[in-house]
Amino acid sequence: MSQSGKDSALPKSGIIAVIGSGTMGAGIAQVAAVAGHTVKLFDNRPATVDKAIADIRAMLDKLAGKGRMTAEEASAAGKRLQAATKLEELADASLVVEAIVENLDAKRQLFSSLETIVSDACILASNTSSISITSIGAALRAPQRLVGMHFFNPVPLMALVEIISGLASDAQVAQQVYDTALGWGKIPVHTKSTPGFIVNRVARPYYAEGLRILNEQAAQPSTIDAVLRESGGFKMGPFELMDLIGHDVNFAVTQSVFQAYFTDPRFTPSLIQQELVNAGFLGRKSGRGFYRYDGSQPIPDPATEPLYERPDEIVQLFGEHPLCLVVKERLSDSRIEQNPARPDGLLIKTGSARIYQTDGRTATQRAEDLNLPDIIVVDLALDYASAKRLAVAHADQCGDDAYRAGVGLLQAAGYAISRLDDVPGLAVMRTVAMLANEAADTVNQGVCTIADADMAMQKGVNYPRGPLAWADDIGIGTVANVLRQLSLTYGEDRYRVSPLIQRYQASGRIFHG
């Protein structure tokens, strides 16, 4: 994030015009009014403007009732909201934020009209989530004063604002909008106008890898969701999140990014999601998506292994991996034996059972490579000490007794265990590796900074950790190796390692430090 502070922010005396009184436009109007600006709200449907202003004022009163602001502050903010009945009434605006339909021609036409109405000093901003700012600005007489100002829904609650510069956008204009957003209490980040900007680009693997795991029948949606929540630390799993967003919206964004990047396989849409859209199973808003929301069926419980006995054999721990430290602390007794780390990455051995953290290979492939049958791989966790659930897979060669011994040991350490079929990289590890890879490419291609990439994903979609900070934590070499193993297994360019990750791995650098 820029450290310029609020130096160039628009003064509170500057009038903010918002065009579009839907959910996003109303939210932007509320935020600007609370920040102290007079706000003119316009829509080509005047009745919706009146309703939006009434709804905003009711929300402000509700916030005052909860002690989030004083009654005087709520009343003053409400009075700063004005309805505009025609575009010409926006002539005195210092900043116009457009929040209309996601259609390039409609946005171009609107901004072309505004250029003949507002002053030359007025800044124009689009709340587009997917359309190129460069393309919108190409039709303008003065494209240098156009930037993107992408808020996230619900606007009053979500902190992030992506400040998007098109090819012609003036850097000082972008900085002034950045500082203005900062003054409104938001967390802005700078990004270039590339497909998906930061958040909608970097987030694609969160959905895509879950869909791939489902497509390979490794687990059902409820199990994958539980693993990403209870082990990965995400607020929502990919399937419940897609159901919340709406599959029509999520699939359309994926298609848009895929086409915009000239069908780069990294962004390939899912046939599973396409079928849901074709069926009209759009998620919560239609009553059915991956789950049913019409009351006919409860959301299934995640698949959880039955409780197995803790093995009687000595448990050998190798190295200081966080999982080993948890097992040592929780099961510390005479049957625990601490050993130095091993070059093959073995974490835990009990009897013939050997437990490794996934490195992107299947457990079956690892068993073949090591010529050891009883291999169990365990997934990544955000924090093994607080994780409630771990995903595991076992090699096809693994004996039942060895598998039960390994799972029983992890259960004795306090984990619910979900067994996935033997897919490479399991769920959390491959998802985090791909998120970090995409974030690294956004930085490598000059779309944003390292700090802004991580901030955007934490504040825009509530990730528990920025993807690049996560890569630092688990090791950039680990991320690179997981991706290479996935690429070897699938034979796809989709899993190519970002040049920036390769460079950092070779130099021993980290993203934050």
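At 1% relative accessibility, Cys-122 counts as buried. Here buried means under 20% relative accessible area, exposed means over 50%, and partly exposed lies in between (1.4 Å probe, protein chains only). The model is predicted: local features need pLDDT of at least 70, side-chain atom pairs count only at pLDDT 80 or more, and totals for chains, interfaces and linings use all residues. Residues are numbered from 1 along each chain as its sequence is written, and side-chain values use heavy atoms, with hydrogens and water left out.

Cys-324 is also buried, with a relative accessible area of 0%. The closest cysteine sulfur to that of Cys-324 belongs to Cys-398. The two sulfurs are 18 Å apart, too far for a bond. The structure holds 0 disulfides, a disulfide being a pair of cysteine sulfur atoms within 2.5 Å.

Helix H2 covers residues 46–65. Helices (H or I, at least four residues) and strands (E, at least two) are DSSP runs, numbered from the N terminus. The expected span of a helix is 1.5 Å times one less than its number of residues. The buried residues of H2 include Val-49, Ala-52, Ile-53, Ile-56, Leu-60 and Ala-64. They cover an arc of only 115° around the axis, so they lie on the same side of H2. The arc is that of the directions from the helix axis to the C-beta atoms. The face turned away from this buried side carries the exposed residues Ala-47, Lys-51, Asp-61 and Gly-65. The cover over the buried residues of H2 includes helix H1 (23–34), strand E2 (39–42), helix H3 (71–79) and strand E3 (81–84). Just after H2, Gly-67 takes a positive phi of about 80°.

Helix H12 spans residues 271–279. At its start, a side-chain oxygen of Ser-270 reaches to within 3.1 Å of the backbone nitrogen of Ile-272. Just after H12, Gly-280 takes a positive phi of about 80°.

Ser-193 is found in the loop between strand E8 (187–192) and helix H7 (199–202). Its relative accessible area is 17%, so Ser-193 is buried. A polar atom of the Ser-193 side chain lies 2.9 Å from the backbone nitrogen of Ile-133. Contact means heavy atoms within 4.5 Å. Neighbours within four places in sequence aside, Ser-193 is in contact with Ser-132, Ile-133, Thr-134, Ile-164, Ser-165 and Gly-166.

Ala-405 has its place in helix H15 (residues 400–412). With a relative accessible area of 15%, Ala-405 is buried. Leaving aside neighbours within four places in sequence, Ala-405 is in contact with Pro-311 and Thr-350. Ala-405 and Ser-126 are 279 residues apart along the chain, and their C-alpha atoms are separated by 58 Å.

The structure holds 26 salt bridges. A salt bridge is a side-chain nitrogen of Lys or Arg within 4 Å of a carboxyl oxygen of Asp or Glu. One of them joins the side chains of Arg-141 and Asp-120 (4.0 Å, N to O). Arg-141 lies in the loop between helix H5 (133–137) and strand E6 (146–151), and Asp-120 in the loop between helix H4 (104–115) and strand E5 (123–126), so the pair ties together parts that are 21 residues apart in sequence. Both Arg-141 and Asp-120 are exposed.

Arg-201 forms a salt bridge with Glu-438, the closest N and O atoms being 2.8 Å apart. Arg-201 lies in helix H7 and Glu-438 in helix H16 (residues 428–444), so this pair ties together parts that are 237 residues apart in sequence. Arg-201 is buried, and so is Glu-438.

A further salt bridge links Asp-248 and Lys-285, with the closest N and O atoms 2.8 Å apart. This pair links distant parts of the chain, 37 residues apart. Asp-248 is in helix H11 (residues 247–260), and Lys-285 is in the loop between H12 and strand E9 (315–318). At 28% relative accessibility, Asp-248 counts as partly exposed. Lys-285, at 52%, counts as exposed. Salt bridges that share partners also join Arg-201, Arg-266, Glu-438 and Asp-441 into one network.

Terms used: Polar contact = N/O pair within 3.5 Å; in protein donor to acceptor, adjacent residues only side chain to side chain.
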